Amino acid sequence: MQESLQLKVYKFGGASVKDAAAIRNLGRIVQEYGAGAPLLIVVSAMGKTTNALEEIFQLAHKGQDFSGPLAVLREFHAGVATELGVADEAAPAGSAAPLLATLFEQLGDRLATLLPGDYDRQYDQIVSFGELLATCIVAKALGAQWLDCRPLIRTDHTWREGRVDWPTTERHLLAALPDLLAHGPIVTQGFVGGTASGQTTTLGREGSDYTAAIFAYCLQAKSVTIWKDVAGLLNADPKFFRDTVRYPEISYQETIEMAYYGASVIHPKTIKPLAVRRIPLLVKSFLDPSAEGTRIHDCRHGLLAPAFIRKDGQCLVSFESKDLTFISEENLEVIFGALAQVRLKIHLMQNSAISFSVCTDFSAYRLEKLLDLLRNQFTIHYNTGLELYTIKNYDAASIQRLTEGRELLLEQRTRQTFQVVCRGQA
């Protein structure tokens with residue numbers, strides 16, 4: 001497959017399709033850099049559409065009026081389609097169906113019929129519309145084929161973080177994609193998949209990178225390129241840190257470490273399938289597409305510049321034994337089980353004689369479920385509105401730079417990694 005197909009996979013995130021001008025720029029990149037080989041384009045929801053859909057879903061789930069925000073979202077997408085000249089035919093190639101209007105009709109119907117409970121399953125059915133809406137516009141603007149990936153990327157029923165059934169997905173993609181690619185570029189959705197029963201799942205926030213890796217792995221692509229608004233893989237987010245450094249190349253292993261700790265450029269699950277088949281991942285700027293970017297591949301390099309990784313919206317939860325007994329393995333088993341049950345991921349943990357603390361993403365819904373499970377066994381304290389910082393390959397200067405002027409609540413270091421939880425700065 002690899003020798004005959006030589007597939008390129010491009011992934012464009014929300015910022016690169018945020019409006020009509022951005023989509024035109026995407027078209028120029030595809031025309032100039034995507035020619036000469038079969039091309040699969042994975043597209044995220046436009047701009048802040050996922051956030052908007054989450055807010056609309058919250059209103060609908062609570063039985064509140066969502067018609068206003070939904071109308072705003074509809075007008076935004078219709079306006080982009082009009083500006084691109086595809087308003088009357090934002091539909092898959094060869095179809096006369098007004099796909100954009102059809103999708104909004106389906107979205108409205110689903111929002112109007114939400115049932116109490118089953119929160120995560122219904123979240124997936126609603127929020128996944130962002131990618132469907134974006135791709136129907138982008139595909140028509142490019143004159144490319146529109147592909148619904150939900151019947152092809154098979155997952156289990158782990159809502160909001162679907163686990164991929166790799167053998168089934170690979171079989172589906174190998175059966176469907178080569179013939180389609182022979183007829184020109186394909187535009188498909190990131191972030192979403194589907195169950196055997198036809199229900200939509202999502203692969204986790206920012207999961208479009210992972211989607212690109214799934215297609216690349218199954219089709220043995222020549223390369224994957226992620227187009228971002230930064231010059232490549234940087235040692236820090238330039239929105240929060242000055243004097244950032246670009247890594248010209250970096251190994252799969254080092255990138256997995258950075259992604260695990262929350263580096264925003266790459267989704268944590270993206271690297272493994274690419275590393276297994278030695279498919280290079282290129283991180284390039286859609287603002288300066290001719291620039292070198294970063295090549296992530298099987299390589300060796302010397303000591304890298306310290307990497308600063310920031311995660312906001314964090315919660316520090318501490319569990320204390322009510323009778324002042326030591327926190328034992330049995331206690332930890334109960335706490336870990338409850339965290340897994342409510343699907344709160346641990347980013348950092350630390351224990352003392354009678355307490356155990358974890359740092360997780362804050363979710364009021366999941367935290368309340370955790371308290372319900374454990375408050376009878378433990379005294380529980382928590383702080384919200386926190387930030388978690390990680391330094392990979394730290395030195396004394398990088399620690400001083402990070403911690404100076406911040407109120408530290410918890411810190412931890414290993415030979416290569418320093419982490420600190422602190423209060424968010426106003």
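**Notebook: rings and a sheet**

Arg 401 lies over the face of Phe 308, at 4.9 Å from the ring centre.

I noted that the model is predicted, with local features needing pLDDT of at least 70 and side-chain atom pairs 80 or more, while totals for chains, interfaces and linings use all residues. Residues are numbered from 1 along each chain as its sequence is written, and side-chain values use heavy atoms, leaving out hydrogens and water.

Next I looked up aromatic pairs and found 15. Rings of Phe, Tyr and Trp (its six-membered ring) pair if their centres lie within 6.5 Å; planes under 30 degrees apart are stacked, over 60 edge-to-face, the rest tilted. Tyr 10 and Trp 227 have ring centres 5.5 Å apart and planes at 75°, so this pair is edge-to-face. The two residues are 217 residues apart. Both Tyr 10 and Trp 227 are buried. Buried means under 20% relative accessible area, exposed over 50%, partly exposed in between (1.4 Å probe, protein chains only). Ring pairs link Tyr 10, Phe 12, Tyr 33 and Trp 227 into a cluster.

I then checked Trp 166 and Tyr 217. Their ring centres are 5.1 Å apart and their planes at 75°, so I logged the pair as edge-to-face. Trp 166 is partly exposed, at 24% relative accessible area. Tyr 217 is buried, at 16%.

Key:
Helices (H or I, at least four residues) and strands (E, at least two) are DSSP runs, numbered from the N terminus. A charge sits over a ring if NZ of Lys or CZ of Arg is within 6 Å of the ring centre and within 35 degrees of the ring normal.
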